[in-house]
Amino acid sequence: MKETPLLDRLLELQEEKIVSFHVPGHKNGKIFNTTHYKNFKKFLPDIDTTEIIGTDYLHNPKEVIQKAQQRASEVFKSDATFFLINGSTSGIYSMIMAVTSPGDKIIVARNCHQSVINATILGDLVPVYLYPEMDSYHGIPLGISPEEVKKKLIACPDAKAVMLTYPTYHGFTSDLKKIAEIVHGYGKILLVDEAHGAHLGLNEKLPMTALECGADAVVQSTHKTLPAFTQSSMLHVQGNKIDIDKLKFMLKIHQSSSPSYILMASLDLATTIYQDLGSQLMEALLEHIEEFKSKIKGTKGVTVLEDTSLGKNSIKGMDATKLWISMEQNQINGYQLEKKLRNKYGIQMELSNMYGILGVTSIANDGEDFEKLYEALTDIAKKEGEGHLEKRQFFSYPIPKQMLTPKEALYRKKKQVPIEKSIGFVSGEYLIPYPPGIPILMPGEVIEEEIITYIRVMIESGMEILGLKDHQWKNIEILV
């Protein structure tokens with residue numbers, strides 16, 4: 001048989017039996033080996049079907065899909081729930097465009113997912129940015145202050161909605177309940193990207209869910225922290241502030257007309273596992289995490305981010321299922337640590353930066369996973385790293401002057417110029433230092449000298465800069 005390069009590689013990875021501290025939440029199918037629900041894995045090819053008699057239709061559900069969505073609504077405690085088979089991106093597009101019209105303003109957190117900015121382009125909207133507080137050393141975005149939300153609403157009374165990320169990638173949560181009260185007090189709509197928080201309702205030790213806090217519409221990446229398949233998510237709505245008919249229309253626009261029944265079935269199964277076993281599995285997971293943290297404290301040179309940040313930097317809560325681990329004391333940077341864990345110990349983390357690694361755990365992780373991680377870190381800590389980690393101050397994220405909306409900038413003529421000659425011009429591209437992944441420059445914003453100075457320093461230190469077409473980071477597109 002001829003080669004099937006992608007399939008062959010995926011099968012090879014399965015043979016490696018990698019320990020997963022990354023998404024998706026089913027951890028390489030591990031949870032299906034323990035739940036055994038109707039031999040789901042065995043029948044996957046057989047249930048890949050389309051809209052025929054008896055399978056219902058996602059965009060006008062009246063039978064089994066309608067029942068599955070209603071059950072999910074009951075389990076996740078919404079007034080209405082919609083299955084997403086084009087990822088959370090499709091849900092973010094749909095809910096933003098359901099509550100706005102072309103030309104409207106929308107207040108968005110600057111640490112938003114890129115799909116939020118793309119939604120402002122698709123919807124011809126004017127984004128007004130809120131900046132999170134920052135861990136200026138590690139480059140991690142923290143909380144959004146309710147007071148800052150209030151100031152922005154006063155300064156921008158014609159904004160239609162506020163769009164926030166909750167929790168952050170690293171597990172921090174703002175005081176969303178207070179923010180919701182403020183937003184609703186000004187008669188606005190609160191939309192939440194809860195991509196990394198589909199599991200929060202499983203245990204009282206975790207932060208409140210966005211719905212519990214009062215959000216009007218919430219998108220969850222069910223595949224990230226619960227056992228659904230990649231690209232399958234949910235959109236939850238509560239209250240009467242969202243035009244449901246307009247939302248359904250937007251979902252038709254932004255989702256495939258040939259929805260995957262495998263993805264929808266995985267959402268249905270994730271709901272069942274959440275309902276029947278979720279609390280039990282989450283309690284076990286939190287116990288494994290506490291045991292891991294307790295043991296690793298005795299390992300010299302290894303630090304794990306704890307909840308000591310609560311009450312500071314606008315942080316209301318912290319998701320304990322996220323593990324931020326650093327070996328700075330051993331002069332081992334995050335990039336090196338991630339590679340060591342994968343190449344020598346068969347452990348894959350979610351991401352890394354200069355200062356540490358992030359592990360995303362889920363109810364599919366068991367005690368053996370954490371024991372392997374502990375043993376690997378302990379072994380690595382016995383040796384001093386070769387790198388030299390200098391303390392450096394991250395960019396303070398001043399608000400650039402916005403001359404055009406992202407959509408207006410997208411359709412203007414552009415030309416590439418050396419980055420050092422772009423000062424004073426309007427950018428036609430993004431500048432996104434990663435980490436932390438917060439854009440310091442958007443299309444349509446003026447390029448300031450401070451930004452260029454910062455970018456030079458970051459490039460020299462090895463930080464990746466996303467958004468530029470020139471992958472050598474020497475040129476940038478400006479508007480002409």
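Which residues in α4 meet which residues in α5? I will come to that after a word on the model.

This is a predicted model, with local features taken at pLDDT of at least 70, side-chain atom pairs counted only at pLDDT 80 or more, and totals for chains, interfaces and linings using all residues. Residues are numbered from 1 along each chain as its sequence is written, and side-chain values use heavy atoms, leaving out hydrogens and water.

Helices (H or I, at least four residues) and strands (E, at least two) are DSSP runs, numbered from the N terminus.

Now the opening question. On the α4 side the residues are T89, I92, Y93, I96 and M97, and they meet S115, V116, N118, A119 and L122 in α5. Contact here means heavy atoms within 4.5 Å. By class, this contact has 7 nonpolar, 3 polar and no charged residues. For the classes, Ala, Val, Leu, Ile, Met, Phe, Trp, Tyr, Cys and Pro count as nonpolar, Asp, Glu, Lys and Arg as charged, and the others, Gly among them, as polar.

On geometry, α4 covers residues 87-98, and its axis comes within 9 Å of that of α5, crossing at roughly 45°. Axes are lines fitted to C-alpha atoms, for helices over the stretch in contact, and angles run from 0 to 180 degrees between N-to-C directions. The two helices are therefore oblique to each other. The scheme is this: under 35 degrees is roughly parallel, over 145 roughly antiparallel, 65 to 115 roughly perpendicular, and the rest oblique.

The next pair is α6 (residues 146-155) and α7 (residues 176-185), which pack at about 15° with axes 9 Å apart. That angle makes α6 roughly parallel to α7. This crossing, too, is right-handed. From α6 the contact uses P146, E147, V149, K150 and L153, and from α7 it uses K178, I179, I182 and V183. The class count for α6 with α7 is 6 nonpolar, no polar and 3 charged residues.

On to the cores. A nonpolar core is a set of buried Ala, Val, Leu, Ile, Met, Phe, Trp, Tyr and Cys residues joined through side-chain atoms within 4.5 Å. Buried means under 20% relative accessible area, exposed over 50%, and partly exposed in between, with a 1.4 Å probe and protein chains only. The largest core has 79 residues, and L190, F292, I325, L341, L373 and L377 touch the most other members. Helix α11 (residues 261-276) gives the largest share of this core, 9 residues. Leaving aside residues up to four places away in sequence, F292 touches V304, L323, I325, F370, L373, Y374 and L377. A second, separate core has 34 residues, including V116, A161, M163 and V219.

Last, the backbone. Where are the cis peptide bonds I want to mention? One runs from V23 to P24, with omega near 5°, and P24 lies in the loop between β1 (19-21) and α2 (30-35). Another joins Y166 and P167, with omega about -5°; P167 lies in the loop between β7 (159-165) and β8 (172-173).

K77 is not a glycine, yet has a positive phi of about 65°. K77 is in the loop between α3 (64-76) and β2 (80-84), and counts as exposed because its relative accessibility is 64%. D124, also a residue other than glycine, has phi near 55°. D124 lies in the loop between α5 (114-122) and β4 (126-130), and at 28% relative accessibility D124 counts as partly exposed.

Definitions and conventions:
Left-handed = near helix turned anticlockwise from the far one by under 90°.
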